[in-house]
Amino acid sequence: KEYNKGEKSRIDLGGGVIIGGDEVVMMAGPCTVESEEGLFKTAERVAAAGAKILRGGAYKPCTSPYSYQGMGTDGLKLLRAAADKYGLKVVTEVMHVRKVEEVAEYADILQIGTRNMQNYDLLTEVGRCRTAVMLKRGMTAKLEEWLLAAEYIAAGGNERIMLCERGIRTFEPYTRNTLDLSAIPALNSLSHLPVIVDPSQGTGRRELVAPMSKAAVAVGADGLIIEVHPNPDHAIKDGAQSITIETFEKLMPELGAIANAI
Ligand code: PEP
């Protein structure tokens, strides 16, 4: 689609939360909604630290059919309740066309995961609704393929789209994925869509989350989505890439300083 170079789309989620505006917007929360207590504790603390959006999977795309698949509707309800209590918005994944309506009832942002970036039926379906969409990069997707996937959403009339760089497959097994930070400035010149970065999925290693978050802000990310858990070593899923609440609290002012400096 045509756009004016240098002009970024602003996605207004209400309550003063704007993606693609002047502030780097922080999304934080557990990989998966596991328990009411843990979710509410995390929501309270990340909100107090300055996060604006609560993340959490209720429907989980799992590589193994034997791993935990999420709480489903109950998880969506918990996310909404925790977010409302602490003045946050909700981002959560939708995996199936038949679930779009249900997830949109509870979420402020519909997450399309890496595995579904080229699920054109799903993209068309989220294009029909008016809830904002965060389109994650397919793990082997080129920038052009990713931007064309976004066009499927826009073609349906939903232009409230943000992109999320979450790492790509390379030959390097030390990190779960290779976070492609060059994609951020590249997308900022190729597209008007806001760009979010996921350093948790992007590295798979919690000790790399803070440095890659800082690097992402330095190269122009509009927001970050970070996995935060009260006790990552006991998380049901993705504990290895989840940071503690305390680490998140320490990171926030450091990111603020970088954002102010650029
Ligand atoms: C997630 O954010 O929970 C997730 C599964 O992400 P991705 O689609 O990037 O793997």
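Val-100 is partly exposed, with 19 other C-beta atoms within 10 Å. On this scale, a residue is buried if 20 or more other C-beta atoms lie within 10 Å of its own, exposed if 12 or fewer, and partly exposed in between, with C-beta atoms placed from the backbone. The structure is a predicted model, in which local features need pLDDT of at least 70, side-chain atom pairs count only at pLDDT 80 or more, and totals for chains, interfaces and linings use all residues. Residues are numbered from 1 along each chain as its sequence is written.

Val-100 belongs to helix H3 (residues 100-106); helices (H or I, at least four residues) and strands (E, at least two) are DSSP runs, numbered from the N terminus. Leaving aside residues up to four places away in sequence, Val-100 touches Val-94, Glu-125, Val-126 and Cys-129. Such a contact requires that the C-beta atoms of two residues, placed from the backbone, lie within 7 Å. Arg-128 is 28 residues from Val-100 in sequence, and their C-alpha atoms are 9.8 Å apart in space.

**The barrel and strand E10**

Eight strands close into a barrel in the order E3-E4-E5-E6-E7-E8-E9-E10, with parallel pairing. Neighbouring strands of this sheet are turned by 25° against each other on average, direction ignored. Two strands pair if DSSP finds at least two bridges between them. Strand E10 (residues 223-227) is largely enclosed by the rest of the structure, because five of its five residues are buried. In a regular strand, side chains alternate between the two faces of the sheet. Both faces of E10 are covered: Gly-223, Ile-225 and Glu-227 are buried on one side, and Leu-224 and Ile-226 on the other.

Strand E3 (residues 25-29) pairs with E10 in the parallel sense over five bridges. Val-25 stands opposite Gly-223, and Met-26 has Leu-224 as its bridge partner. Strand E9 (residues 195-197) also pairs with E10 in the parallel sense, over two bridges; here Ile-196 is the bridge partner of Gly-223.

**Helix packing**

Two packed helices are described by the angle between their axes and the distance between the axes. Axes are lines fitted to C-alpha atoms, for helices over the stretch in contact, and angles run from 0 to 180 degrees between N-to-C directions.

| Helix pair | Axis distance | Crossing angle |
|---|---|---|
| H8 (residues 206-218) and H9 (residues 245-261) | within 9 Å | roughly 25° |
| H1 (residues 36-49) and H2 (residues 73-85) | within 9 Å | roughly 35° |

The crossing of H8 and H9 is right-handed, and H1 passes H2 in a right-handed crossing; this term applies if the near helix is turned clockwise from the far one by less than a right angle, and left-handed if anticlockwise.

The contact of H8 with H9 is made by Ala-210, Ser-213, Lys-214, Val-217 and Ala-218 of H8 and Thr-247, Leu-251, Glu-254, Leu-255, Ile-258 and Ala-259 of H9. These residues divide into seven nonpolar, two polar and two charged. In this classification Ala, Val, Leu, Ile, Met, Phe, Trp, Tyr, Cys and Pro count as nonpolar, Asp, Glu, Lys and Arg as charged, and the others, Gly among them, as polar.

Between H1 and H2, Glu-36, Leu-39, Phe-40 and Ala-43 of H1 meet Leu-78, Ala-82, Ala-83 and Lys-85 of H2. The residues of this contact comprise six nonpolar, no polar and two charged.
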